[in-house]
Amino acid sequence: MQERYFSFEFFPPKTAEGTEKLRNTRAQLATLRPKYISVTFGAGGTTQQGTLDTVLEIQREGIEAAPHLSCVGSTREGIRQILATYKDNGIRHIVALRGDMPSGMGEIGEFRYANELVEFIRAETGDWFHIEVAAYPEYHPQAKSPRHDLENFVRKVNAGADSAITQYFFNPDAYFRFVDDARALGVEVPIVPGIMPITNYSQLMRFSEMCGAEVPRWVAKRLEGFGDDRESIRAFGLDVVTALCERLLSAGVPGLHFYTLNAAGATKAIWQRLKL
Ligand SMILES: Cc1cc2nc3c(=O)[nH]c(=O)nc-3n(C[C@H](O)[C@H](O)[C@H](O)COP(=O)(O)OP(=O)(O)OC[C@H]3O[C@@H](n4cnc5c(N)ncnc54)[C@H](O)[C@@H]3O)c2cc1C
């Protein structure tokens, strides 16, 4: 059995202050020895330079870096150039996504779905990149039906993905069922749970509304009840997310991918509680 692995996700900072803060976060999280760190990519290429700069900095620090690459709003030539830049810089791991076009911004571009991007990366660069794709245990909010979404996930894997990272979730049974269903359709690649630490009630509810992740009613109610008491929110969030990770790890998941939101504290606290 493959050893389980852990990874962290950052977004590219927009200011010098944010860059400094992220360096500090990285210094703290690097001691946990992640398998890799991934860096998000603004759909339509809005963070292209920021993603590249951040990824190269991580790589210089001796950690494997995986840029996200979203294809919506892009041309084949544009994606080809980005891939060439990563390849020239020795990057070998990529998270391939469709992305969501910010409203009012530009044309859909030459790729419609992530499976087309995966196919393109394989056709252009062969086996150079380890390709991750996104998975949605509670289904993608735009999916026609759960079945259709699952089939689209399978199509993405069959196009050449090596592994998958899920959208975050708080219902482990949704994840277990999704993995069983994907396995029944022949998917063999690791499907790594994405973990969202809870530190801020309104932000969590806003993100979850957008991405279609369900915050169980009892969790939402408890968080809401804490009002502005950030300490209680953090303490309760730590209990909930640690219990989720414990359940996933004891069921033998291939690893965990933490959505750090560029902060070290909550991820480190979960890590310590899990005694990893
Ligand atoms: C781990 C992770 C990391 C992410 N990182 C980023 C990031 O860095 N930047 C960013 O902008 N966004 C990011 N996102 C968000 C992601 O881009 C959005 O969720 C987006 O709406 C879908 O991207 P996808 O790659 O899953 O799309 P797809 O797999 O293309 O799916 C999108 C929708 O289209 C449907 N679909 C797929 N293929 C077909 C087909 N052939 N025919 C008909 N319907 C189809 C699917 O069922 C789904 O409803 C991330 C999400 C996850 C889970």
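Reader: How many residues does the largest nonpolar core have, and which have the most contacts inside it?
Author: That core has 86 residues. Phe153, Ile191 and Leu256 have the most contacts inside it. Helix H9 (residues 230-250) gives the most to this core, with nine residues. The term core covers buried Ala, Val, Leu, Ile, Met, Phe, Trp, Tyr and Cys residues joined through side-chain atoms within 4.5 Å.

Reader: What kind of model is this?
Author: It is a predicted model, in which local features need pLDDT of at least 70 and side-chain atom pairs count only at pLDDT 80 or more, while totals for chains, interfaces and linings use all residues. Residues are numbered from 1 along each chain as its sequence is written, and side-chain values use heavy atoms, with hydrogens and water left out.

Reader: What is Phe153 in contact with, leaving aside neighbours within four places in sequence?
Author: Phe153 meets Val133, Ala134, Ala135, Ala164, Phe178, Ala182, Val187 and Ile191. Contact means heavy atoms within 4.5 Å.

Reader: Which way does H9 pass H10, left-handed or right-handed?
Author: The crossing is right-handed. On the H9 side the contact uses Arg234, Leu238, Asp239, Val241, Thr242, Cys245, Glu246 and Leu249. H10 supplies Gly265, Ala266, Ala269, Ile270, Arg273 and Leu274. By class, that is eight nonpolar, two polar and four charged residues. Here Ala, Val, Leu, Ile, Met, Phe, Trp, Tyr, Cys and Pro count as nonpolar, Asp, Glu, Lys and Arg as charged, and the others, Gly among them, as polar.

Reader: At what angle do H1 and H2 pack?
Author: Helix H1 (residues 16-30) and helix H2 (residues 48-60) pack at about 35°, with their axes 12 Å apart. Their crossing is right-handed. Thr19, Leu22, Arg23 and Arg26 of H1 meet Thr54, Glu57 and Ile58 of H2.

Reader: How do you know that Thr267 is buried?
Author: Its relative accessibility is 0%, so Thr267 counts as buried. Buried means under 20% relative accessible area, exposed over 50%, and partly exposed in between (1.4 Å probe, protein chains only). Thr267 lies in H10. Beyond four places in sequence, Thr267 touches Phe8, Leu29, Pro197, Phe258 and Thr260.

Reader: Why does Tyr139 count as partly exposed?
Author: Tyr139 has 25% relative accessibility, so it falls in the partly exposed class. Tyr139 sits in the loop between strand E5 (130-135) and helix H5 (146-158). Helices (H or I, at least four residues) and strands (E, at least two) are DSSP runs, numbered from the N terminus. Tyr139 also has a positive phi of about 75°, although it is not a glycine.

Reader: What makes Asn262 buried?
Author: Asn262 has 4% relative accessibility, so it counts as buried. Its phi is near 65°, positive in a residue other than glycine. Asn262 is in the loop between strand E8 (255-259) and H10.

Reader: Why is Val72 called buried?
Author: The relative accessible area of Val72 is 3%, so it is buried. Val72 lies in the loop between strand E3 (65-70) and H3. Val72 and Gly99 are 27 residues apart along the chain, yet their C-alpha atoms are separated by 5.8 Å. Gly99 is one of the contacts of Val72, leaving aside neighbours within four places in sequence.

Conventions. Left-handed = near helix turned anticlockwise from the far one by under 90°. Axes fitted to C-alpha atoms, helices over the stretch in contact; angles between N-to-C directions.
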